[in-house]
Amino acid sequence: MYGLINSALRSMVCEQYGHETWQQVLETAELSEEHFFVMKSYPDDITHKIVNSATQILNLSGYDLMESFGRYWIRYTKTAGYQEIMDMCGETLPEFLSSLDDLHTRLGVQFPKFSPPSFECNEVSDTTLELHYRSTRQGLAPMVVGLVQGLGDRFETNVDITQIADRAQGDDCDTFLIHYDSE
Amino acid sequence: MDVPSPSQWSLPADLLVELFPFHIAFDRQLNIVQVGRSINQLYPTSLAGQRLDDYFVINRPKVALSFEVIQQRLKSLFVLASRHCELMLKGQMTCLPDSNLMLFLCSPSVIDAQQLVDIGIHLRDFPLHDVTPDLIFLQRTTQMSVQQVEGLNQQLVASQEQLQDALKIQEHLRFKAEQQAKQLERQLKELKETQIQLVQAEKMSTLGQLLSGIVHEINNPLHCIHGNLDHCLEYTQELTQFCRFLIRKSGLECECPELLDDETDQCAHLQNLTPEDYQSLAFTLDDFPQVIRAMRVGTDRIREIVKGLRNFSRLDATVLEEFDVHEGIDNTLMILKHRLTKTNLQKPIQVIKNYTKVPTIYCYSGQINQVLMNILANAIDALEDREQGRSTRSGQCDRRVGTPCLTPHSSDRDINSDRHQPTIWIQTDLNHQGWLQIKIRDNAGGMPATVKERIFEPFFTTKPGARGTGLGMSISYQIVTERHGGCLLCDSQPDVGTEFTIELPINQSQLVVGQVCG
């Protein structure tokens, strides 16, 4: 996992719970890194340790934490210098979701060790989309829920997201049904 | 299935527009024939049919915007700048074969994503094969990494500065601490020197009291001896003359005849002794032994005084020795006797002693004598002040430096019986710990609590002028507590009196570190 993800986790914990809590998370995770380099690839184990530690310290379930992180991620990328790139990805929620896969493909060029997830977006109706999510990593589906909610915040659109297929339950991929308010 | 050769197929025009959304085709007159959709969307009307030079200028290479000129530079990388917006198009010019058309296949030339956003170009406007968005992403990511490194570098520099500041402060504090340590060392040295001088002054004060007492005590017997010496001489002469007369009269030969010379005339009157002469001789024979005995009494007294002074002569003794506390008290009283019976007092100070049989103790006897001397002399000072009406605090408060306890005393009735009789009570006993306890009490009027609580402070004195060094009680406290591990307490009741209690271990082996009185 690239340092950008770990930096975002750090930023979320510090911003919402304070720097001392982040120090506790690091201590519990038995990590000494205070800063993560955006472009450096870190072992996935570090991210897992941070998430596990944070769930203990913050008394949150893994699902809640990852959903919360997904939602925060949209805000973080905006403030962390990716606003223009995000702006380039579309002006509406369906437009953005449609270009999400291309965005990750392009990011895979920048971050060769990224193993980016893939997104397939199908229009079900004028206000409904079906989003198929595939990743080599386990347990990140809740983050997708948060991401979509975060995009709803970004485009000031009410979003209702339901997971209708679960890879953990043997489905081919994680699939989400997304209802949103049309403009 | 046969694979068509390149010559058998060509790109349909609509597919060219789809695959290359950034392109411009123009003719020799620079009329725009076709424009890619991503360029066209940036303008309110279609650019097709418009003149190229109305909308664009050539930035690179530096050549004129002319079909023929461009045709000569087909191997150059061209950059066209929009006349109406910030759009810059970078790409390749291609002259279509057998045609008067020039095709400019291009892509936006931008340095960051913000420029694209400002121009109004989105990710979807790029063909998937275009690497421009990848370059923009890469540029953005690189920029962010640089920013992060810069941020960390700034933090590092700030930390270094803080560290340097902290080191400077530390160095400054170290320097200051060193200076203060040196100053303290100097002050400590000066203080020690001053202390030595003051302790010496206190010793001299004690010595002064000693000398004063000694002079007074020795003076009386000495005066007696000296006064009787004249009588002795006179009696001796008289008896000597009589002896010579008797020798001469006996006619015996004298081994030392010169002793009998020149005495004839003086002895002449012995030839005819009158009754008065016999009476005088008889008186001499009677008085001479009495005079000698009186002188003997005088010398005995002096010897006794000298013996009593023995312990006082060892104020600096560093060896523990056996000490009879009653003897010490008596010797001290003997030295202070002249002050107890001062003629200028309306009433002499009476001393009531209540000695209990106590064992001798091991201590620095000279120092304990010094303590007894300080306390007793202070009591006498206070009683004198009271007697002479010189006390200024409520007319009853004594001047000195002392504590309380005023425990029921066997002689309390003496206070009650005559409150105006200046009295010092001295009581010895063993306390519950088996330590020697000496209580010295007076009825000099006591002292206020504010004075009492400061009585053992160095340099604290209520005595006027140069009468006290202010160290007597402080040194006494030090001697009792620090040198002997004992206790020195003071109890005082205003308008009544003051009582000092000295508690000393019988021997120093009784002393337990950290033991407190009580």
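**A sheet in chain B**

Colleague: Which residue in E11(B) stands opposite B:Gln427?

Modeller: This is a predicted model, in which local features need pLDDT of at least 70 and side-chain atom pairs 80 or more, while totals for chains, interfaces and linings use all residues. Residues are numbered from 1 along each chain as written, chains are lettered from A and ligands numbered from 1 in written order. Strands (E, at least two residues) and helices (H or I, at least four) are DSSP runs numbered from the N terminus. The residue in E11(B) that stands opposite B:Gln427 is B:Lys439.

Colleague: How many bridges join E10(B) to E11(B)?

Modeller: Two strands pair if DSSP finds at least two bridges between them. Strand E10 of chain B covers residues 423-430, and its direction is antiparallel to that of E11(B). The number of bridges joining these two strands is 7.

Colleague: Which residue in the turn of the hairpin formed by E10(B) and E11(B) has a positive phi?

Modeller: The hairpin has 5 residues between E10(B) and E11(B). One residue in this turn has a phi of about 85 degrees, and that residue is B:Gly434.

Colleague: Which residue in E13(B) stands opposite B:Ile438?

Modeller: E11(B) is also joined to strand E13 of chain B, residues 497-504, by 7 bridges, and the two strands run antiparallel. Across this pairing, B:Ile438 faces B:Ile502.

Colleague: Is E11(B) mostly covered or uncovered?

Modeller: A residue is buried if 20 or more other C-beta atoms lie within 10 Å of its own, exposed at 12 or fewer and partly exposed in between, with C-beta atoms placed from the backbone. On one side of E11(B), B:Leu436, B:Ile438, B:Ile440 and B:Asp442 are buried, and on the other so are B:Gln437, B:Lys439 and B:Arg441. With 7 of 7 residues buried, strand E11(B), residues 436-442, is mostly covered.

Colleague: Why is one side of E8 and of E12 in chain B left without a neighbour in the sheet?

Modeller: The open sheet has 5 strands in the order E8-E10-E11-E13-E12 in chain B, with mixed pairing. E8 (350-354) and E12 (487-493) of chain B stand at the edges, so one side of each has no neighbour in the sheet, as each has a single partner strand.

Colleague: Which residue in E10(B) stands opposite B:Val351?

Modeller: E8(B) and E10(B) are paired by 5 bridges, in the parallel sense. In E10(B), the residue opposite B:Val351 is B:Ile424.

**Helices and the partner chain**

Colleague: Which strands does helix H10 of chain B touch?

Modeller: Residues are in contact if their C-beta atoms, placed from the backbone, lie within 7 Å. Helix H9 of chain B, residues 325-340, lies across E8, E10 and E11 of chain B. Helix H10, residues 365-387, packs on the sheet too, and the strands of chain B that H10 touches are E10, E11 and E13.

Colleague: Which element gives the most residues to the side of chain B that touches chain A?

Modeller: In chain B, 20 residues are in contact with 19 residues of chain A. The elements giving two or more residues to this side of chain B are helix H5 (113-119) and helix H6 (132-250) of chain B. The one that gives the most, with 12 residues, is H6(B).

Colleague: What percentage of the residues in chain B is buried?

Modeller: Chain B holds 13 helices and 13 strands. Of the 518 residues in chain B, the buried share is 29%.

Note on methods
Contact = placed C-beta atoms within 7 Å. Axes fitted to C-alpha atoms, helices over the stretch in contact; angles between N-to-C directions.
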